[in-house]
There are 2 protein chains.
Amino acid sequence: MHEPLRPDIAAIIAAISPLDTAAIAAARARQEQLTKPAGSLGRLELLAIQIAGITSQEQPVVANKAIVVMAGDHGVTAEGISAYPAEVTPQMVLNFLRGGAAINALAGVVGARVVVVDIGVASPLEHPGLLSRKVAIGTANMAQGPAMTRDQAEEAIAVGIAIADSLARDGVRMVATGEMGIGNTTAASAITAVLTGSSPAEVTGRGTGIDDAQLAHKIAVIERALATNTPNRDDGLDVLAKVGGLEIGGLVGVILGGAAHHMPIVLDGFIAGSAALVAEKLSPQARDYLIAGHISVERGHRVLLDALGLQPLLDLDLRLGEGTGAALAMGIIDGALAAHRQMATFAEAGVSEREESKSNE
Amino acid sequence: MHEPLRPDIAAIIAAISPLDTAAIAAARARQEQLTKPAGSLGRLELLAIQIAGITSQEQPVVANKAIVVMAGDHGVTAEGISAYPAEVTPQMVLNFLRGGAAINALAGVVGARVVVVDIGVASPLEHPGLLSRKVAIGTANMAQGPAMTRDQAEEAIAVGIAIADSLARDGVRMVATGEMGIGNTTAASAITAVLTGSSPAEVTGRGTGIDDAQLAHKIAVIERALATNTPNRDDGLDVLAKVGGLEIGGLVGVILGGAAHHMPIVLDGFIAGSAALVAEKLSPQARDYLIAGHISVERGHRVLLDALGLQPLLDLDLRLGEGTGAALAMGIIDGALAAHRQMATFAEAGVSEREESKSNE
């Protein structure tokens, strides 16, 4: 066994309840009465039913949406595993804050607010729109030792929980997970390898765009990190601390906190998925609150979603992160809930049902 | 060879030009300068570039969007090929006009107007919001003879062209194809079999939800229709007239007219796809204006999209029609264009480019 979690984190996990089966049954019954052949809205029907169970509302409204973008740096960039220099992390954080990034444009289309959090960028960052919650000045190089201490990993999770609390108090009813951190596909691959029992080669991809030789090097670095740190796959916090990242820990907290507040949580890509793997290890119940927004081109993402039993909504060849795939998925979810709430029933519209359903016409 | 097309239809086809290669090049160059790894927005980048070529704008704006829902009845329903009675066609048209259908909810989410057209419903229909453009009182039973005369098929196309003209005059810059017509997956399967050289069994599915025995019967009816009518696969109009439908003809016109007006055309599912097959036969150039909104569970849809060389944007297990998949896809397209227009370039944002791109830092 392993050390107990901090009491505040343990309390949030204890607050994550099973989905509301009565609301699920009511939503399913409603879907069967709406003016369409049963099942013909496919995934949209399943989304509406899942969110009814999450929110305990037969006809859920989640108009108030937020995308939390957690930013942190990675000591493992010293090993040369990324196509971009680490200085891009703070540059992109400022780009988010000035509204110039892809996530700003996509969040605007779906009417979601973007919450930008510095949870561990290695350089000083100031901006009136930034939530400064630095747990450390980037992680340590996991190829040489643990990326974080256990305390730092818990503190990162606590930051995410506090942000979810604050959003819930502000009336936010759906949250998406975004991130920025040069080097973080390396951490996500390491986490995914450990928690899905895969080899690094099976779950490591090209990140922002490295070539074959660089990919082989990235895999070797991850193998070294796992050999050096021997993370315990039965202990999600140990895995997060040893081979994870501060922004990944923050997203674990957003997932746990969001689930405790009965919010649907829309996962973005591979990095967010690795946070979901850790969250699910800490709280298997949290899984039911997750919606996989999309599948990215990072090869480990499919492995991870399969392990979580999640089917992605979108497959658009994205590999940007930031929350971009989750933002697009929010538009699909909005559609699913609008159809669920606004459509007329067969009785209301005076539309005939299937031939075999009719009694004596 | 076959008879020439009506002069008005021929004129519209002549007005469909190749995409603007200069605008495509400018949009592609812009994508490479935006603050993201090159290619990391995947399909979104390709959409922005395609729409730049369609509209001749480096940074296209298509805020004004319409979904044209063409409704028509099918004589072939006398053969018992649908799970629903034909009376559902007018009932659902009234549901669209009262705002109670799935398409109304989904169009609302993406801010598109819904244009409902009676191009051939078999019963009288009146509503202030309805465009009454009845070409015939439903089609004839294609299992016994041609569904339409050649004149009727041309008239249906002309109706669609006139609607595209009118929308363009109203400032609409993107159009989606929707439809309603009990029995119309049978027509779409027949068209797809002929124009892709497939057997009816390969391209016939369960429509609104028939069982195995009913599916075998539906395939047999389509085989009979093809044997009875011997449509000429080199003559799109002959195929449309003999085994198509009035609403399918109307959508052929919307596609041709939309392309002539330099609008991106978002296809919905299998029925809309069969209209695209006919449109492409009449004007191969029109294909470049098409965006496949989604792939439905109807098995012929994949065959048809492959034949057109189109990749669907969404795969959400939909099989409703009405334009629902296209409406959802419009949200993705909005995202693609917002990112393309609003994102900062590397230079504007002061973000470093890839290591190998840098000269002397």
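Me: Is Asp118(B) buried or exposed?
Reply: In this predicted model, the relative accessible area of Asp118(B) is 1%. The cut-off for burial is under 20%. Because 1% falls under that limit, Asp118(B) counts as buried.

Me: Which residue forms a salt bridge with Asp118(B), and where does that partner lie?
Reply: Asp118(B) itself belongs to strand β2 (residues 112–120) of chain B. Its closest N and O contact in the salt bridge spans 2.7 Å.

Me: How many residues apart are Arg224(B) and Glu79(B)?
Reply: These two residues form a salt bridge, with the closest N and O atoms 3.2 Å apart. Arg224(B) sits in helix α9 (residues 212–229) of chain B, whereas Glu79(B) sits in the loop between β1 (65–72) and α4 (88–97) of chain B. The pair links distant parts of the chain, and the separation is 145 residues.

Me: Which helix holds both Asp238(A) and Lys242(A)?
Reply: Asp238(A) and Lys242(A) form a salt bridge, their closest N and O atoms being 3.2 Å apart, and both residues are buried. They are four residues apart, about one turn of the helix, and the element of chain A that holds them is α10 (residues 236–243).

Terms used:
Residues numbered from 1 in each chain as written. Chains lettered and ligands numbered in written order. Predicted model: local features only at pLDDT ≥ 70, side-chain atom pairs only at ≥ 80, totals over all residues. Heavy atoms only, no water. Salt bridge = Lys/Arg side-chain N within 4 Å of Asp/Glu carboxyl O. Helix = DSSP H or I, 4+ residues; strand = E, 2+ residues; numbered from the N terminus. Buried < 20%, exposed > 50% of the residue type's maximum accessible area, 1.4 Å probe, protein only.
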